[in-house]
Amino acid sequence: MVNLTGRLKSEHKTLVSMTAIYCEDHHGKQANGLCGECAELMDYSEERLAKCPYGQDKPTCAKCPIHCYKKEQREHVKKVMRYAGPRMPLRHPWRALTNVLDK
């Protein structure tokens, strides 16, 4: 596990929250929160954020000129975000608000 700080940590927490919504609705409730596939994706995302060349000055992923995820993981994250994004204000209102303000 990587020790993220500041903006990178916040971005990862938002992605974990979105993935939890997606995972629960598509893969069922899990004892530890995420199924193996989704947990693996979150570990991957944490590694990629830790290696981000922009560090704390990182733009949002949508505005970033570098695609640091492999194609398969990028597609999975897009699917997660498309599904969970509209549901975030109901399940995680504060995190949803800070994510919108961050853009």
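Me: Where is the place of Glu11?

Reply: Glu11 has its place in helix α1. Helices here are DSSP runs of H or I with at least four residues, strands are runs of E with at least two, and both are numbered from the N terminus. This is a predicted model, in which local features need pLDDT of at least 70 and side-chain atom pairs count only at pLDDT 80 or more, while totals for chains, interfaces and linings use all residues. Residues are numbered from 1 along each chain as its sequence is written, and side-chain values use heavy atoms, with hydrogens and water left out.

Me: Is Glu11 buried or exposed?

Reply: Buried means under 20% relative accessible area, exposed means over 50%, and partly exposed lies in between, with a 1.4 Å probe and protein chains only. Glu11 has a relative accessible area of 17%, so Glu11 is buried.

Me: Which residues is Glu11 in contact with, leaving aside its neighbours within four places in sequence?

Reply: Contact means heavy atoms within 4.5 Å. With those neighbours set aside, Glu11 touches Leu49, Lys58, Pro59 and Cys61. Cys61 belongs to the loop between α2 and α3. In sequence Cys61 and Glu11 are 50 residues apart, and their C-alpha atoms are 9.5 Å apart in space. Cys61 has 42% relative accessibility and therefore counts as partly exposed.

Me: How many salt bridges does a search of the whole structure find?

Reply: A salt bridge is a side-chain nitrogen of Lys or Arg within 4 Å of a carboxyl oxygen of Asp or Glu. The search of the whole structure gives five. One of them joins Arg7 and Glu11, with 3.2 Å between the closest N and O atoms. Both Arg7 and Glu11 are in helix α1 (residues 6-27), four residues apart, which is about one turn of the helix.

Me: What does Asp25 form with Arg91?

Reply: Asp25 and Arg91 form a salt bridge whose closest N and O atoms are 3.0 Å apart. Because Asp25 lies in helix α1 and Arg91 in helix α4 (residues 88-91), the pair ties together parts that are 66 residues apart in sequence. Asp25 is partly exposed at 33% relative accessible area, and Arg91 counts as partly exposed at 39%. Elsewhere, salt bridges with shared partners join Arg7, Glu11 and Lys58 into one network.

Me: How are two packed helices described?

Reply: The description uses the angle between their axes and the distance between the axes. Axes are lines fitted to C-alpha atoms, for helices over the stretch in contact, and angles run from 0 to 180 degrees between N-to-C directions. Helix α2 (residues 36-50) and helix α3 (residues 71-84) pack at about 110 degrees, with axes 11 Å apart. Angles under 35 degrees count as roughly parallel, over 145 as roughly antiparallel, 65 to 115 as roughly perpendicular and the rest as oblique. The helices α2 and α3 are therefore roughly perpendicular to each other.

Me: Which residues make the contact of α2 and α3?

Reply: Glu37, Leu41 and Tyr44 of α2 meet Gln73, His76 and Val77 of α3.
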